[in-house]
Each structure stands twice: as C-alpha cells, then as structure tokens.
Amino acid sequence: MNSKQTAFIYTEEFLHYSFHEEHPFNQNRLLLTKDLLEMSGALCQDQIIEPQLIDEKWLYAVHSNDYVEAVKQASNGQEIDQHKYGIGTHDTPGFKHMYEASLITASGSLEACYQVLSGKVKHALNIAGGLHHGFPTRASGFCIFNDIAIAIQYIRKNYNLKVLYIDTDAHHGGDGVQQCFYDDPNVCTVSFHETGRYLYPGTGKISERGIKGGFGYCFNFPLDAFTEDQSYLEVFKESIESITEYFKPDIIISQHGVDTHALDPLTHLHCTLHIFEEIPKIINKLAHKYCDGKWVALGGGGYDIWRVVPRAWAQLWRVMNDDQIFEGKINLDWLDKWNKLAPFPLPLRMARL
Amino acid sequence: MLVKDIMKTDVITLTANATVEEALHLLQKNHIRHIPIINESNHVIGIISDRDVRDASPSFLEEHNNRGGILTRTIKEIMSTPVVTTHPYEFFEEVASIFYQKEFACLPVVRDKQLVGIVTEKDMLYAFIQLTGTHSPSTQLEIKVPDQIGGVLSDVCQYFTKRNIKIVSVYSYPDPPKDVVYKILVFRIQTMNPMPVVKDFQNTDYQILYPYWEDNHEF
Ligand SMILES: [Zn+2]
C-alpha cells in the first residue's frame, strides 16, 4: 500500500457540527468510520491531515455577507430572522458555535482540495463535508455553509481547472451546488438521486440541463423509489463514463451521501452496501484516466449511522487508498466497542446489505 | 390569482393588412402559436393561430395552385373573429375553464378596449406549478382526511406548526373521485426530515398516503 497517495482530512472539531441529540444528522458517524478504519489497520496516522482554518473570504465566494453575519449571530445565541435565513427551523436549528463548526467543516473540504492540487497526494477525503443543500443566502436541509460550492470556487479561482462534480446522495443537491454553477461551462454537475416526486427538495429533473454558457453541463438522473443495486449501477456507470469522456475534467469532486441504502430512514431507494463499493471504484478509474488521479471525495447524507455509514465510508476510503475493498468479517474490537452503544445489533460482515 | 399576475405584457401583434407570409415569419421567429390582430387604436379585431395559417392553406392552394399566392394574401381573410378576450382582473381559474370548454389555448387580455397582455396554456401551466409548490425545496405529503366541518384543515396544520415546519403549498382533491366522505390534502412542507411529523399523525384520524415506507424490510 502506498500510504502517501491519499489524505484523510480529520479533526475532532468536525464533531461539533451537531444540532441536537435527536437530530438525524449526526456526526458521530465520522468517529465510527475513523475508528473502523484504524482498528482494521487501513488508516495510518501519517495519512490524517488536520485542516487549516480557512480565511473567511472563501465563504463570500458563495455566501452573502448578511447570511454569514446571521450565522455568526445565531452562533452566539442571538435571535435571527428564521424565515429569511433558514436557521432555527425544524431541519436546521441554531446551535451554540455553529459558525465555528460550519467553518471548520468547509475548511476540511478546502484542505482536501489543497492537498490534491499542491500535488501532496492524488486523492483526499473529507467525510465531514458534502453539505450540498446550502444556499448562498440561507441554510437548507441540515446544511449551513455549502462546503462543496466553496471548494469548487476555490479551485476555479486559484487553479482555473475544469471541475466534474458527482453527487450520489439520495437527495438532489440542486438547490445548492447545481444552482451555483448553473451557467458555468467549466463546472459540470451530475446528480443521481431519488425522484423529487415526494422527496426533498423536489428538484433534479432530467430537464434541468444548465443555462446560457452552462447549458449542457448539468445532468440529472432521478431514480424511482425502491430502485435496487443493479439498476442503480447500470444508470450510474454508463452515464458517468460517457459524461466524463465528453467533459474531460481536470479534477473530480464527488459527494458520497449514503442515504441511498435501503435501511436509511429518510429516503426510499433500496440499494445495499454493494453500490458503495462500486461507486468509488468507477470514480477512481475515471480520475486516473482523465485527471491524472486528481480526486476529492466528500461525505454527505447518511442517517443510519450505525449499520450503513461506517462501512460505506470505510469502503470509499479503502478504494481511494489502495483500490481494494474490505471483504469478510468486520473488525471484532470495533464491534465490541460500539455494539454497547448501538440501538440495534451491528452487522457482522463488511460487505453485503 | 388574477390574470394580470400570470399574463405576458410584451405582445407580438399584426394588423389586418399584414400578409400571411409576415404572420408565418413572426410565428416561427418567436416560437409562438397565436398572434392578436389589432387596428390603429390598439383594439383587438381578430386572432390567428399557427393552425389557422395551416388550415387555410389547402383552399388557397386550390384557388391559386401556387404557394406564393397564399403567402401574399392578407391576414383579414384568415383571421378568427370575433375574439374571446379576458380582463386583467379576471380569476386565472376562469381562464382555465375557458381553455377547457372552448378548446382555446390563448386569450388576449383587454382593458378599456385596449390590448394589454396575452395569456396562453403555457402561462396557465406555470401558474399551476407555482400553486403546487414544487418550485421550492420541500417534501410532499398526501394525507387522507374526513371531509366534514370541524376544523380538519386547521387541525392538520397544527401538526406542522408544533414541529416548526413551514408549509410551502397545500391543495386538496376528493378521494375517491365523487366520494363525499374523504378528501386528500396535498402538502409541500419545508423539511428534509418528515419522519417526526409523520409519526405524530400515526394515532390520528388522518392517514398519510405518501410517502410510504415498506412495513418490513427484507433485511
Ligand atoms: Zn441526502
């Protein structure tokens, strides 16, 4: 294993992005994932990079001044206009130090880009990132700052590269990332998601193709409720391969929401762990074929934090790091440690389901 | 919602002396299907559609036996008249029923005899999209409720208020059609996590029809 090929961006501060105990968005899944990787001997200390806190100016590359100010105020416990800024709602309640927690999350994604673009590594992973719903002027769907849009702006402004964005979260990230680059022919956004017929946010129709110069650089693949692995992968592989060939990106940014799994409580797709092995493999091949390996992967949704997320993201890291997947039984020490806290028995094997 | 809220105000028009060729050119260039015909006082005196132009063609062909002859005829000879129009303060649903009953797809909007706008089938559909709330990030819930007096709608809405969830849009339809006992309320609500409010509805008279989860996972 070449331990220098891939960076794992992590800091304990990521765990501060926490709304409240009962909220489905629970960053303890980062801890569960990192623990699983370390106990399985798949993550070395020298691969873990602590993110540098970014300059606030990068927030303004995507977000409005008054929105950033509102996040700061909510962060200090002040009352803000809930309807205008989307904070204090059922989805995105305010919490103490939410500004700092959101800033460090975005910093993680910029750090991942920096690690790859400075040539220190080929791939970098920030599982705390991938908050694709954030709007320029308001919070939405658990997302405060849109770390993905900020990272893409950072790449565009500093390196002027063509960015392919691949979003495999069950929810369409169209309100956030797609909208930010809707008229930009240098950023191609591709999303695979459950149809918005009932599911939030409702967008992501086939007909959303970009506007002006960006027309033809936006692709949406809405999938019906109860879609299973075989159909999912058929759609994913065929389309992402031909889109990548057509667009010829310089770098790939991928969002790895794992709420497409059948056990996820918020969505209705019916996929298993298998797709979380295959998606990274396919992207990895494309990154090496078209981008000299340059690939930044981010987290995303995933609300069964015990049975689904740790294994899914462990597979993602494993593919990024050495193009392998875990097979067979799950690490026993990990099971012992976390079974005590889990609300239901943890799975015994790495693969399947 | 009123006609003035959904109509287009930049109307492409012709006068009755214009030629069929000019009309054809305008229809094609602007990707439109209807042109109101006005006089020098901006009164609507007729309307032509792409279909009028097409339908008129064979009879002209018989008469003149050449295409150039058709194209140089005046609009006056093929326009429909009199014209059914609407007013900016008319309800938009009234326009929908005119479209449905008369099988039109376009109405000029007239105020004080002046042409002030135009409303087409496409504008109507866009208005319906706005009404159903699918333009704003939201989750759709369909709830079957008893169709009776007694604050059913306000009671259902309380559940969203309690969870601090904004309602983006609401409409209702009968279930089954013509049944007077139940109605289905369709809400779009601004949340990515409908589970808590769906659970709140579980022990009530209100039945959530969509979204549905399978009772037993096969896993
Ligand atoms: Zn999601």
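Predicted model: local features only at pLDDT ≥ 70, side-chain atom pairs only at ≥ 80, totals over all residues.
Residues are numbered from 1 along each chain as its sequence is written, chains are lettered from A and ligands numbered from 1 in the order in which they are written, and side-chain values use heavy atoms, with hydrogens and water left out.

**Figure 1. The zinc ion and its donors in chain A.** Three residues hold the metal here: A:Asp169 (OD), A:His171 (ND1) and A:Asp259 (OD) coordinate the zinc ion at 1.9 to 2.1 Å. Donors are N, O and S atoms within 2.8 Å of the metal (3.2 Å for Na, K and Ca); water is not among the atoms, so sites may look incomplete. Along the sequence, the donor residues follow the spacing D-x1-H-x87-D. A:Asp169 and A:His171 are both buried. For burial, a 1.4 Å probe and protein chains only are used: buried means under 20% relative accessible area, exposed over 50%, and partly exposed in between.

Figure 2. Look for A:Asp66 in helix α3 (residues 65-75) of chain A. Helices (H or I, at least four residues) and strands (E, at least two) are DSSP runs, numbered from the N terminus. A:Asp66 is partly exposed, at 34% relative accessible area. Leaving out neighbours within four places in sequence, A:Asp66 is in contact with A:Lys84 and A:Tyr85, where contact means heavy atoms within 4.5 Å. The C-alpha atoms of A:Asp66 and A:Thr137 are 7.8 Å apart, although 71 residues separate the two along the chain.

**Figure 3. A:His90 and the residues of chain B that it touches.** A:His90 sits in the loop between α4 (82-85) and α5 (98-117) of chain A. With a relative accessible area of 15%, A:His90 is buried. Setting aside residues up to four places away in sequence, A:His90 touches A:His23 from its own chain, plus B:Arg163, B:Asn164, B:Ile165, B:Thr191, B:Asn193 and B:Pro196. With B:Thr191 there is also a side-chain polar contact, of 3.1 Å.

**Figure 4. The largest pocket.** About 960 Å³ of space is found here. On a 1 Å grid over the protein atoms alone, a cavity is a set of points where a 1.4 Å probe fits but cannot get out, and a pocket is an open set with protein on both sides within 12 Å along at least five of seven lines; lining residues have an atom within 4 Å of a point. Grid points are joined across faces, edges and corners, and a volume is the space filled by probe spheres set on the points. Of the 33 lining residues, B:Arg33, B:His34, B:Ala105, B:Cys106 and B:Thr120 lie nearest the centre of the largest pocket. α3(B) gives the most to this lining, with five residues.

**Figure 5. The largest cavity.** This one has a volume of about 90 Å³, and the model has six cavities of 30 Å³ or more. Its lining draws on both chains, including A:Arg138, A:Tyr200, B:Pro137 and B:Gln190.

**Figure 6. B:Met124 in helix α6 of chain B.** Helix α6 spans residues 121-132. At 5% relative accessible area, B:Met124 is buried. B:Met124 touches B:Ile6, B:Phe92, B:Val95, B:Ala96 and B:Phe99, not counting residues up to four places away in sequence.

Figure 7. Most residues other than glycine have a negative phi, and most peptide bonds are trans.

Notes
Polar contact = N/O pair within 3.5 Å; in protein donor to acceptor, adjacent residues only side chain to side chain.
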